[in-house]
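Please consult the sequence and the structure while reading.

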2 protein chains.
Amino acid sequence: MSRYRIAVRITPRRGILDPQGQTVAEALHTLGFASVRDVHVGRHIVVELDAPDRPNAEQSTREMCERLLANPVTEDFEIAHVEAT
Amino acid sequence: MSRYRIAVRITPRRGILDPQGQTVAEALHTLGFASVRDVHVGRHIVVELDAPDRPNAEQSTREMCERLLANPVTEDFEIAHVEAT
């Protein structure tokens with residue numbers, strides 16, 4: 001068993017309303033950042049786990065995304081980075 | 001003026017309690033992912049903005065992080081990706 005640190009990026013699916021992003025864009029305008037055109041807010045999740053090898057660690061992480069971390073209706077996820085620690 | 005798409009990663013500062021990460025780790029254990037050792041939850045924010053050039057776009061984004069997007073007491077931010085669109 002080795003320990004892996006895996007970073008996952010979860011983003012609102014394109015074309016789906018992103019109310020949090022809209023709110024942040026409006027707040028930035030209010031603060032004077034008039035050049036802001038659009039904002040999207042997603043999550044950056046780092047999971048540390050034990051696994052026999054890297055493919056196994058990635059596969060477990062994908063299952064975690066499908067079962068808990070990402071909303072399958074409104075969000076996309078991708079594994080951004082894998083590192084053995 | 002050009003349009004830039006800038007991705008920012010905002011993460012809980014190391015050593016600071018991350019209750020959201022702990023909750024997610026416990027939920028993953030409950031679901032049977034017993035090999036999970038630690039979870040950290042941060043944000044992945046994509047800002048689209050108009051700027052005269054890339055350094056200017058990055059500088060504006062850093063100011064947005066300092067003034068609104070990141071909590072200066074508990075979070076760190078870094079610019080993960082810059083792309084002219």
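Q: How many residues of chain B and of chain A take part in the contact?
A: Chain B supplies 32 residues and chain A supplies 32 residues, where contact means heavy atoms within 4.5 Å. The model is predicted, so that local features need pLDDT of at least 70 and side-chain atom pairs count only at pLDDT 80 or more, while totals for chains, interfaces and linings use all residues. Residues are numbered from 1 along each chain as its sequence is written, chains are lettered from A and ligands numbered from 1 in the order in which they are written, and side-chain values use heavy atoms, with hydrogens and water left out.

Q: What area do chain B and chain A bury between them?
A: The value is about 2,900 Å², with 63% of it on carbon and sulfur atoms. Buried area is the accessible area (1.4 Å probe) that two parts lose on being put together, summed over both.

Q: What makes D50(A) and R37(B) a salt bridge?
A: The term requires a side-chain nitrogen of Lys or Arg within 4 Å of a carboxyl oxygen of Asp or Glu. The closest N and O atoms of D50(A) and R37(B) are 2.9 Å apart, so the pair meets the rule. Between chain B and chain A the count is two salt bridges. D50(A) and R37(B) also belong, with R3(A), to a network of salt bridges.

Q: Which elements of chain B each supply at least two residues to the side that touches chain A?
A: They are strand 1 (2-12), helix 1 (19-30), strand 2 (36-51) and helix 2 (54-69). Helices (H or I, at least four residues) and strands (E, at least two) are DSSP runs, numbered from the N terminus. Strand 2 of chain B gives the most, with 15 residues.

Q: Why is E48(A) called buried?
A: Buried means under 20% relative accessible area, exposed over 50%, and partly exposed in between (1.4 Å probe, protein chains only). E48(A) has 12% relative accessibility and therefore counts as buried.

Q: How do you know that R5(A) and E48(A) form a salt bridge?
A: Their side chains meet at 3.3 Å, N to O, which is within the limit of the rule. R5(A) lies in strand 1 of chain A and E48(A) in strand 2 of chain A, so the pair ties together parts that are 43 residues apart in sequence. R5(A) has a relative accessible area of 22% and is partly exposed.

Q: What makes E83(B) and R5(B) a link between distant parts of the chain?
A: The closest N and O atoms of this salt bridge are 3.3 Å apart. E83(B) is in strand 3 (residues 75-84) of chain B and R5(B) in strand 1 of chain B, 78 residues apart. E83(B), at 31% relative accessibility, counts as partly exposed, and R5(B), at 23%, is also partly exposed.

Q: Are R43(B) and E75(B) buried or partly exposed?
A: R43(B) has 22% relative accessibility and counts as partly exposed, whereas E75(B), at 16%, counts as buried. The two form a salt bridge with closest N and O atoms 2.4 Å apart.
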